[in-house]
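Consider how the parts of this chain are packed against one another.

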Amino acid sequence: MRRERSKKPSECGLAVLLGRSLARGAAAAVVVAASAVSADADTGEHRIVSAGSEASRVQLVSRGHVAVSAVPAVTGVRGEVVRLVNDLRTEAGCRPLASHRVLDEAAQDHSEFMEKNNALSHHGPGRASLRERLMEAGYAWRQAGETLAHGHPDASSVVDAWMDSTPHRRIILDCGYRDVGVGLAHGRGETWWTQIVGTPR
């Protein structure tokens, strides 16, 4: 479902996975969205967890994908997002996330896709979901999550917006995640943010 961009800078929305409606909130953010998926290591059954909804189950074969090892952290604004998120995870007793080349590329591709289409969405080209995008990228995951945002000017403001939202905070402070990728696209004076976290098989 395509979401029309809000014309009110102070307006915040939480986009729920699988085309569910947006819930308006009063957080000091422009627009944010979150989703998470996990997979049973034995059965390959994927569990989709959406903010404010009952978890639903879908069957999806995900074996046979090759995991790509982590690489040195990204720098600049994207690297600052990782640093801020890892500071929060450390405070919560979680291990820091390692920047992962495949997740960085997948996140950057998704930010550019959202900017091109002027729509905040967990669906990519061909309505591909997060799990499908990661499988296509070659990241063999056991658990994965995604946080999105639109309109935030810098790393600090976007991380603050995510932490002000319970579903986003749960993803960021989930100690089960190991890897992270961050994407940032600029267009028409606006910013489009993607953070993907994952745990490899």
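In helix H4, the buried residues are Ala-155, Ser-157, Val-158, Val-159, Ala-161, Trp-162 and Met-163; buried here means under 20% relative accessible area, as against over 50% for exposed and in between for partly exposed, with a 1.4 Å probe and protein chains only. Seven of the nine residues of H4 are thus buried, so the helix is largely enclosed by the rest of the structure. The model is a predicted one, in which local features need pLDDT of at least 70 and side-chain atom pairs count only at pLDDT 80 or more, while totals for chains, interfaces and linings use all residues. Residues are numbered from 1 along each chain as its sequence is written, and side-chain values use heavy atoms, with hydrogens and water left out.

The largest nonpolar core has 20 residues; such a core is a set of buried Ala, Val, Leu, Ile, Met, Phe, Trp, Tyr and Cys residues joined through side-chain atoms within 4.5 Å. Val-81, Val-158, Val-159, Trp-162 and Trp-193 have the most contacts inside this core. Two or more residues each come from helix H1 (76-91), helix H4 (155-163), helix H5 (166-172), strand S8 (179-187) and strand S9 (190-200). H4 gives the most to this core, with five residues. Beyond its neighbours within four places in sequence, Val-158 is in contact with Val-81, Ala-149, His-152 and Trp-193, where contact means heavy atoms within 4.5 Å. Apart from this core lies another, of 11 residues, including Leu-103, Leu-134, Met-135 and Ile-196.

Leu-97 is located in the loop between H1 and strand S6 (98-99), and is buried, with a relative accessible area of 7%. Not counting residues up to four places away in sequence, Leu-97 touches Val-82, Val-85, Asn-86, Arg-89, Tyr-177, Arg-178, Asp-179, Val-180 and Val-197. Leu-97 and Val-197 are 100 residues apart along the chain, and their C-alpha atoms are separated by 8.1 Å.

The chain as a whole contains five helices and nine strands, taken as DSSP runs (helices H or I, at least four residues; strands E, at least two) numbered from the N terminus. Their order from the N terminus is β-β-β-β-β-α-β-α-α-β-α-α-β-β. Of the 201 residues in the chain, 52% are buried. Among contacts with a separation of 6 or more, 66% join residues 24 or more positions apart.
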